[in-house]
Amino acid sequence: MPITKDVRTAIRLARRLLQSRQSRRELARRMTEVPQLAPGSIEVAVYFADGKVNMYQLRQWYAPLAELAREHPVAILSRSPGTMTTLLDESPVPVVYARQVVDLERFVEEQAPKVVLYVNQNPRNFQMMRYGRMWHVFVNHGESDKMYMTTNQFKAYDYALIAGDAARDRLTAALWDYDLDRRTIAIGRPQADHFVGAVPYPDDDRSVVLYAPTWEGDRPAAAYGSIASHGVTLAERLLASGRHRLVYRPHPRSGVLDPAYRAAHQRIVAAIAAANAADPAAQHVYDDGPELGWQLADADVAVTDISAMIYDRLAVGKPLIVTRPVSPDADVDERGYLGDANWLRAEDAADVVARVDAAANDAEELAKLRHWVQRYFGDTTPGAATARFHAAVDRLVARWHEVAAERGEG
């Protein structure tokens with residue numbers, strides 16, 4: 001058995017090496033066609049050190065960044081050849097390839113950005129954060145009550161752009177001696193002003209249910225994923241009802257660590273294909289595309305795990321059900337919305353049709369949602385969050401000029 005495992009590991013590593021070489025060759029060819037940025041033309045840089053599997057963290061910022069670029073020139077810094085190749089295809093703002101630290105140094109010297117935004121907590125962020133004379137700003141890739149949202153790593157950044165009052169309270173409770181008033185700026189959820197994508201099914205009498213689970217997690221405290229515990233039963237019941245349309249949008253990393261989780265995901269995908277073959281008018285959807293927005297806005301009811309998808313859905317103000325993690329070690333912070341959530345336990349997954357129907361018509365539940373929307377995001381009037389995002393960047397750029405002038409470095 002150990003020999004077989006070693007052989008499989010060697011094959012997997014060899015495939016990754018081959019793919020990496022192919023990506024680098026393809027990127028080298030394409031880079032010859034990429035126009036060079038004029039020195040000093042970028043004011044805001046977005047640093048992204050991850051591979052393609054985590055590009056969902058960056059993609060949700062595309063539209064807000066494109067709009068911000070009308071006032072403050074923006075570029076995305078990529079450290080991965082595969083990510084860079086993808087960004088060349090889809091990024092709405094210029095992209096800079098900085099595979100090595102020397103490439104970062106060249107970018108900093110030539111462009112001297114005033115603000116650098118970070119969408120995650122990749123350890124390689126520190127390779128960029130070594131440079132002073134610019135503000136390093138954590139913007140994250142979503143709002144949630146996960147333990148990730150209260151990490152002490154917030155202190156590493158000059159500033160953090162947070163969603164609203166709930167985020168302030170979480171950070172106040174978790175971080176010692178952290179000056180929230182000076183170092184955080186509340187902006188709401190600007191991505192919600194840019195929900196994208198056309199609905200891929202007809203407007204008929206079916207009730208649309210979005211099931212958007214997260215991945216299995218890399219440690220017991222973060223084991224929030226429901227695909228293996230709730231998902232198969234939930235999907236089978238909704239697919240069989242004849243009155244519902246299932247939109248299944250799993251986290252891109254689903255099943256990367258746990259074979260059982262991956263197998264459950266594959267069962268759901270197969271069940272959707274079988275249901276559509278049996279009844280083409282049903283038009284159930286397995287959604288693994290890059291666009292996010294129509295799923296959240298159109299679904300009559302959403303079923304999510306503990307993840308940022310809860311809070312993206314909250315901003316829509318429509319019915320929401322949250323799966324209860326089966327792991328007793330999962331860290332569930334019930335001081336906020338989760339203390340008032342409409343929970344679905346694994347043992348109740350077989351009753352999901354009745355639960356969905358009830359949630360779609362529960363006036364009391366909708367009233368609670370409105371309360372939590374205000375607490376997490378503040379003003380959700382279309383355009384309000386975008387205005388707050390732009391105002392935050394304006395403030396940081398103005399502060400940069402003030403400090404530069406004080407130091408005689410402007």
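Author: Relative accessible area sorts residues into buried (under 20%), exposed (over 50%) and partly exposed in between, with a 1.4 Å probe and protein chains only as cover. The model is a predicted one, in which local features need pLDDT of at least 70 and side-chain atom pairs pLDDT 80 or more, while totals for chains, interfaces and linings use all residues. Residues are numbered from 1 along each chain as its sequence is written, and side-chain values use heavy atoms, without hydrogens or water.

The part in question is a positive surface patch formed by Arg-21, Arg-24, Arg-25, Arg-99 and Arg-124; a patch here joins like charges within 9 Å, among residues with over 30% relative accessible area and no salt bridge (a side-chain nitrogen of Lys or Arg within 4 Å of a carboxyl oxygen of Asp or Glu). Of these residues, Arg-24 lies in helix H1, which covers residues 2-31 (a helix is a DSSP run, H or I, of at least four residues), and Arg-24 is called partly exposed because its relative accessible area is 31%.

Arg-99, another member of the patch, has its backbone nitrogen reached at 3.3 Å by the side chain of Asp-103, a polar contact (a pair of N or O atoms within 3.5 Å, one able to donate a hydrogen and the other to accept it). Asp-103 belongs to helix H5, residues 101-111, and counts as buried because its relative accessible area is 17%.

Arg-124, also in the patch, is 225 residues from Ala-349 in sequence and 40 Å from Ala-349 in space, C-alpha to C-alpha. Ala-349 is itself buried, with a relative accessible area of 1%.

Notes: Patch = residues over 30% accessible without salt bridge, like charges linked within 9 Å, V, L, I, M, F, W, Y side chains within 5 Å. Areas by Shrake-Rupley, 256 points an atom, 1.4 Å probe, with all protein chains shown as cover. Lys, Arg positive; Asp, Glu negative; His and termini not counted. Charge placed at Lys NZ, Arg CZ, Asp CG, Glu CD. Helix = DSSP H or I, 4+ residues; strand = E, 2+ residues; numbered from the N terminus.
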